[in-house]
Amino acid sequence: MHYQVDGGIILTASHNPGGPKGDFGIKFNCENGGPAPDHVTDAIHKITTEISSYSICRDINMDTGIIGHHEFDVDGMGKYIVDVIDSVEDYVELTKTISDFPTMREYMKGLGGNQLRILIDSMHGATGPYVSTIFNDLLGCVGTDLLRTVPKPDFGGCHPDPNLTYAKDLVDRMRVGEILAVKRKSVEEIVKEHWAEYGRNVFTRYDYENVESGGANLLMTFLEASMNASKGKELSANGVTYKVAHTDNFEYTDPVDGSVAKKQGLRVLFEDGSRLVFRLSGTGSAGSTQTIGIDCS
């Protein structure tokens, strides 16, 4: 929005297979900065089926690590303009217009000299420079609480998915109470207090990675067909009985532009508010991730 562009192409590590090693993804975000909705990606796909030829531009020698404006004459096709920007600076300046950083910095100082501690692990991904600039430089957070903020092409040899498998170190540090220094309470104590005030709620998630897409799609088709007949059925586990109230393949309607994103996950909703969610991500022939989310009340 700041640069008045029509959209942006994002080159990113992804579970959507692509590239020589099957770990590269190309994504498109619209003019509002958000992911392209289904009707846009469907239109893009339709255009790809109608392409009869394409041209390859010669190599452009340019250091993308230097901020600035660059112009090139490309094979008689006219000027090709490349503006290298500092995206962190732009993001911070925009965030300053909607967030009160001075007040937040004072809050981070804590009460009675007990600095509020926030533990963030960027896993050597693209968020690192944003995290260090905002939380350390502007808000005064403890630098050693901001982990792996330097982006690396191979994520430091780690997997960048922030789940309980690959972010285990973050979970372990939380368990020792580092980010709970102000409250002086354990995670268990705070969770039980939360349950006492708002009601007990438990969430767990299981990811099955590198699943063959054909079998994964077949499983989702089978699940959708079978769960539609489960309304009113009672399921029991650990002495607790859950009654199915509703099942669907979740659709999201954007409240701003009215666009609809379909097939966002199979849901089994129970009468007490608990739910099961089955979701498949990944668009290639291999490397899909099957996610099962369990949310219990």
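Me: How far apart are the closest N and O atoms in the salt bridge of E106 with K109?
Reply: This is a predicted model, so the distance is a computed one. E106 counts as partly exposed at 48% relative accessibility. K109 is also partly exposed, at 43%. Their closest N and O atoms are apart by 2.9 Å.

Me: Which residue forms a salt bridge with K79?
Reply: K79 is exposed, because its 62% relative accessibility is over the 50% cut-off. The closest N and O atoms of the pair are 3.2 Å apart. The partner of K79 is E71.

Me: What is the N to O distance between K46 and E50?
Reply: The two side chains meet in a salt bridge. E50 has 52% relative accessibility, which is over 50%, so E50 counts as exposed. The N to O distance between K46 and E50 is 2.6 Å.

Me: How many salt bridges does the structure hold?
Reply: The pairs already discussed include E106 with K109 and K79 with E71. K46 with E50 is another of them. The count for the structure is nine.

Me: How many disulfides does a search of the whole structure find?
Reply: A disulfide is a covalent bond between the sulfur atoms of two cysteines. The search needs a pair of cysteine sulfur atoms within 2.5 Å. Across the whole structure, the number found is zero.

Me: Is C30 buried or exposed?
Reply: Buried means under 20% relative accessible area. C30 comes to 13%. For contrast, C158 has 36% and counts as partly exposed. With its 13%, C30 is buried.

Me: In the pairing of β3 with β4, what is the bridge partner of H69?
Reply: β3 covers residues 68-73, and β4 covers residues 79-84. The two strands pair in the antiparallel sense over six bridges. In β4, the partner of H69 is D83.

Me: Which residue in the hairpin of β3 and β4 takes a positive phi?
Reply: Most residues other than glycine have a negative phi. This hairpin has five residues between its strands. The phi in question is near 45°. The residue that takes it is D75.

Me: Where is R148, another residue with a positive phi?
Reply: R148 is not a glycine, yet its phi is near 50°. It counts as partly exposed, because 22% relative accessibility lies between the 20% and 50% cut-offs. Its place is in the loop between β6 (146-147) and α5 (168-175).

Me: What is the relative accessible area of N238?
Reply: N238 lies in the loop between β8 (234-237) and β9 (240-249). Its phi is positive, about 55°, although N238 is not a glycine. N238 is exposed, with a relative accessible area of 81%.

Me: Which strand supplies the largest share of the nonpolar surface patch?
Reply: The patch is formed by I9, L11, F24, I26, F28 and I44. Together they have about 590 Å² of accessible area. β1 (7-13) and β2 (24-30) each supply at least two of the residues. The largest share, three residues, comes from β2.

Me: Is L11 buried or exposed?
Reply: L11 belongs to the nonpolar patch and sits in strand β1. Its relative accessible area is 58%, which is over 50%. L11 is therefore exposed.

Me: What separates the C-alpha atoms of E224 and D248?
Reply: E224 is in helix α7 (residues 213-227) and is partly exposed at 26% relative accessibility. Leaving aside residues up to four places away in sequence, E224 touches N249 and L266. E224 and D248 are 24 residues apart along the chain. Their C-alpha atoms are separated by 7.9 Å.

Me: What percentage of residues in the protein chain is buried?
Reply: The chain has seven helices and 14 strands. Its accessible surface comes to about 20600 Å², of which 56% belongs to carbon and sulfur atoms. Of the 297 residues, the buried ones make up 24%.

Note on methods:
Residues numbered from 1 in each chain as written. Predicted model: local features only at pLDDT ≥ 70, side-chain atom pairs only at ≥ 80, totals over all residues. Heavy atoms only, no water. Buried < 20%, exposed > 50% of the residue type's maximum accessible area, 1.4 Å probe, protein only. Helix = DSSP H or I, 4+ residues; strand = E, 2+ residues; numbered from the N terminus. Patch = residues over 30% accessible without salt bridge, like charges linked within 9 Å, V, L, I, M, F, W, Y side chains within 5 Å. Areas by Shrake-Rupley, 256 points an atom, 1.4 Å probe, with all protein chains shown as cover. Salt bridge = Lys/Arg side-chain N within 4 Å of Asp/Glu carboxyl O. Pairing = 2+ DSSP bridges. Contact = heavy atoms within 4.5 Å.
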